[in-house]
Amino acid sequence: MFRVMKKWTPANKRFLVIGLTLTISAQMLVLATEYLSSVWPLWYGTPVMLKTAPIDPRSLFRGNYVRLNYDISSINKTLAKDDFKPGEVGYVTLKEEEGVFIATGLHREKPDSGVYIRGRIKGERNGYLLKYGIEAYFMPKEKALKAERSVRQGATAQIYLLSSGKAAIAKLQCNSGDC
């Protein structure tokens with residue numbers, strides 16, 4: 001009925017040490033992967049400038065970051081080569097025009113060449129709404145407050161793109177000067 005606990009043996013201790021080592025190693029691997037996936041585009045990506053668009057001032061700033069929206073966050077359905085549903089991945093081809101990149105097409109498959117960014121369809125409203133994972137730019141609280149006001153007058157963001165279409169934001173430049 002009752003089970004007697006066995007005494008700790010060297011084999012039990014070794015099993016415990018191996019288990020703890022594997023657990024800690026797995027956690028460190030997850031943290032390293034998350035860090036590297038966020039900085040990899042900054043190290044090896046192609047730089048592009050995107051024009052930001054102001055969003056609702058009540059949700060523009062939260063904590064120590066500035067929420068950003070981009071002109072390419074809303075894609076006209078005439079630029080889409082296929083029909084998309086919310087949650088699907090789309091690749092937006094970009095073309096430089098007057099120093100900033102604009103959207104020229106929305107594709108289901110990754111383009112073979114050219115500059116493009118990978119996004120996820122979030123919905124439809126007069127076109128497709130996309131999120132790219134670069135909608136928040138972190139900065140110290142004082143700078144974020146200043147940037148919140150400056151972004152309303154217009155801004156551009158320097159983005160680095162990998163060949164997979166993954167993006168990372170490197171710098172925010174406001175039309176009224178530095179953000």
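Reply: The following account begins with the protein as a whole and then turns to its salt bridges.

The model is predicted. The protein contains two helices and 13 strands, and 37% of its 179 residues are buried. Of the contacts between residues at least 6 apart in sequence, 63% join residues at least 24 apart.

Across the whole structure, a search finds four salt bridges. One of them pairs Asp 82 with Arg 108, with the closest N and O atoms 4.0 Å apart. This pair links distant parts of the chain, 26 residues apart: Asp 82 belongs to the loop between strand E5 (74–75) and strand E6 (89–97), whereas Arg 108 belongs to the loop between strand E7 (100–107) and strand E8 (115–124).

Arg 108 also meets the side chain of Glu 88 in a salt bridge, at 3.1 Å from N to O. Glu 88 lies in the loop between E5 and E6 and is 20 residues apart from Arg 108, so this pair too links distant parts of the chain.

As for accessibility, Asp 82 has a relative value of 32% and counts as partly exposed. Arg 108, at 30%, is likewise partly exposed, and Glu 88 falls in that class at 27%.

A further salt bridge joins Glu 97 to Lys 95, where the closest N and O atoms are 3.6 Å apart. Glu 97 is partly exposed, with a relative accessible area of 38%, and Lys 95 is partly exposed at 43%.

Technical notes: Residues are numbered from 1 along each chain as its sequence is written. This is a predicted model: local features need pLDDT of at least 70, side-chain atom pairs count only at pLDDT 80 or more; totals for chains, interfaces and linings use all residues. Side-chain values use heavy atoms; hydrogens and water are left out. Helices (H or I, at least four residues) and strands (E, at least two) are DSSP runs, numbered from the N terminus. Buried means under 20% relative accessible area, exposed over 50%, partly exposed in between (1.4 Å probe, protein chains only). Contact means heavy atoms within 4.5 Å.
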